[in-house]
Amino acid sequence: MNQPTTKENADMSAQLDKAQKSIDRLFATRNDRWYPQCHIASKAGWINDPNGLSYYKGRYHAYFQLNPYGSEWGNMHWGHVSSADLVTWRREPLAMAPTLEVEKDGVFSGSAVVGDDGRLTIYYTGHRWRNGVDDDDGNLQEQCMAVSSDGIHFEKKGVVIPCPDDKILHFRDPKVWKMGGLWYMVFGVSTPAQRGEIWMYTSNDMEHWTFDRVIYRHPDPEVFMLECPDMFPLEDKWVICYSAMGLKPHGFEARNHNNAGYVIGSWQPGGDFHQETGFHLWDDGHNFYAPQTFQAPDGRRLVFGWMSPFTEPIPMQEDGWCGQFTVPREVTLAGDHLRCLPVREFSDLDQDRQDFGPIELEVNSSRDLVDDAQTADINMEIDLNKSQAERIGLEIHRTQSGDHTLVCYDDQLGRVVLDRHCNTYGDRGYRTAPVDKSSGKLKLRIIVDRGSVEVVVNDGLEIMSSYSFPAEGPRGIRLIAESGEGKALISSLSIAKLGTIWEEPDR
Ligand code: FRU
């Protein structure tokens, strides 16, 4: 291993202790108005990408990029939560702080596997600013390794893949798996010509890695970096996914600051990847980035995304925390794209489901369904054949001020719309998702938390994740139908509250 750069600058347990004290200080004044009940978030501080998602010694482990010192990005550590059942989560001690010279400016994203020796092995990126202060001159990044016998305490092993060319400005986010006796690693690279690529390495022993090939190169020369790549099999196909920097918005697509998506194709070890589909976004909402997948012990492919608050204003930053994951989703193949459905375990959080039965609503009218919902899991089916209204949907987080986030079917667009146009807090704007109308029905499932909305369209054929920061007062849910000659026909509608995911609620 690369000795000079693995020089130790600080003692990990002292650094973790200091970081935990800072989290506790921020928590003491945390404002809970938008703090999630049923999504993973840090007790305080900033989080970004899910890292090291794994199942080890009877528990699911979710680590995450964490700034324990404030509610903005910086000082990257690894935070940690774990769960026995994917429903109830326990806060674990912080997992990693920057202590080596190579990670002086942050322990960046990475993944976890159960190693050949039975230890949980983490591959992550050691990060330094090239100019010692900020990203103006790019990064010095290397792939590092750490091991653990309990998933809680980690021993760092230093650099396993140094950056081979000092003209490379981004070189990070290793994702590792084993197949046919060989270990594979992919990570994102911005080449000296600033092209976004994914490189593949292989290893026999988990410590010595050999360059295999450039497994994917983004066709668009404006895409200069592919962050957090992932590569996994589904049925007889392989999926390559990445979070693209530099992709420009076009029509309804790629409207976020950076955008996460995938392509599907075929791959054999030792060969090239053959792409067979176009690029699809993972999620059509405002806030979804840097997802990571892993395999559950029963073989399901699961994914968590980071609900990325890229666009200012970001009002939760005033509250001592910032950032949450999506709910865990199961990923399956649906023709040329992926179906993403909240894991079935998530329904264990359901409480007091209320059935509103079939509803016929005149256009330009509304019906209040719930007076105050901090959380909700809504199931709704719209009969598209029998409805003439131009917009049919729900106002979520509706407060007395008139603030709300609208989730509706828009017949003019033929799409589902998630519109935050009426909100006092946070970025406004709308996003849309396409709808397959062939069945004449539209199924929507809407998961509402204190500061977010996730919309699952037609059993996960599309999905949208967005923050939604309600104004003061009770948060109602209102059914609306707008414009047209006739009615809206809702064939079924039910709403449950959701319990907390925390084994020990923070307060
Ligand atoms: C993606 C990302 C990764 C990096 C990490 C740093 O959001 O930029 O590429 O490893 O976050 O926090």
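Which residues are linked in a network of salt bridges? Arg 30, Asp 32, Arg 91, Asp 506 and Arg 507 form this network, where a salt bridge is a side-chain nitrogen of Lys or Arg within 4 Å of a carboxyl oxygen of Asp or Glu.

## Basis of the model

This is a predicted model, in which local features need pLDDT of at least 70 and side-chain atom pairs count only at pLDDT 80 or more, while totals for chains, interfaces and linings use all residues. Residues are numbered from 1 along each chain as its sequence is written, and side-chain values use heavy atoms, with hydrogens and water left out.

## Annotated domain

The unreviewed UniProt entry carries the annotation "domain: Glycosyl hydrolase family 32 N-terminal" for residues 39-338; UniProt positions follow the numbering used here, feature names are shortened, and annotations may be inferred rather than shown by experiment. In the model, this span is 0% helix and 53% strand, and its end C-alpha atoms lie 22 Å apart. Helices (H or I, at least four residues) and strands (E, at least two) are DSSP runs, numbered from the N terminus.

The structure holds 40 salt bridges. Side chains of opposite charge can pair when their charged atoms come close. One of the salt bridges joins the side chains of Lys 178 and Asp 116, with an N to O distance of 2.7 Å. Because Lys 178 lies in strand β9 (residues 170-179) and Asp 116 in the loop between β5 (107-114) and β6 (120-129), this pair ties together parts that are 62 residues apart in sequence. Lys 178 is partly exposed, with a relative accessible area of 40%, and Asp 116 is also partly exposed, at 47%; here buried means under 20% relative accessible area, exposed over 50%, and partly exposed in between (1.4 Å probe, protein chains only).

A salt bridge also connects Lys 248 with Glu 222, whose closest N and O atoms are 3.5 Å apart. The pair links distant parts of the chain, 26 residues apart, with Lys 248 in the loop between β14 (237-245) and β15 (259-266) and Glu 222 in the loop between β12 (210-217) and β13 (225-234). Lys 248 counts as partly exposed at 46% relative accessibility, and Glu 222 counts as partly exposed at 46%.

## A salt bridge between buried residues

The side chains of Arg 300 and Glu 345 form a salt bridge with an N to O distance of 2.7 Å. Arg 300 lies in the loop between β18 (289-295) and β19 (301-307) and Glu 345 in the loop between β23 (337-342) and β24 (350-355), so the contact ties together parts that are 45 residues apart in sequence. Both partners are buried: Arg 300 has a relative accessible area of 7%, and Glu 345 has one of 14%.

## Backbone features

Glu 312 and Pro 313 are joined by a cis peptide bond, with omega about 0°, and Pro 313 is placed in the loop between β19 and β20 (321-322).

Leu 86, a residue other than glycine, has a positive phi near 70°; Leu 86 sits in the loop between β3 (77-83) and β4 (89-91) and is buried, with a relative accessible area of 2%. Cys 228, which is not a glycine either, has a positive phi of about 45°. Cys 228 is found in strand β13 and counts as buried at 10% relative accessibility.
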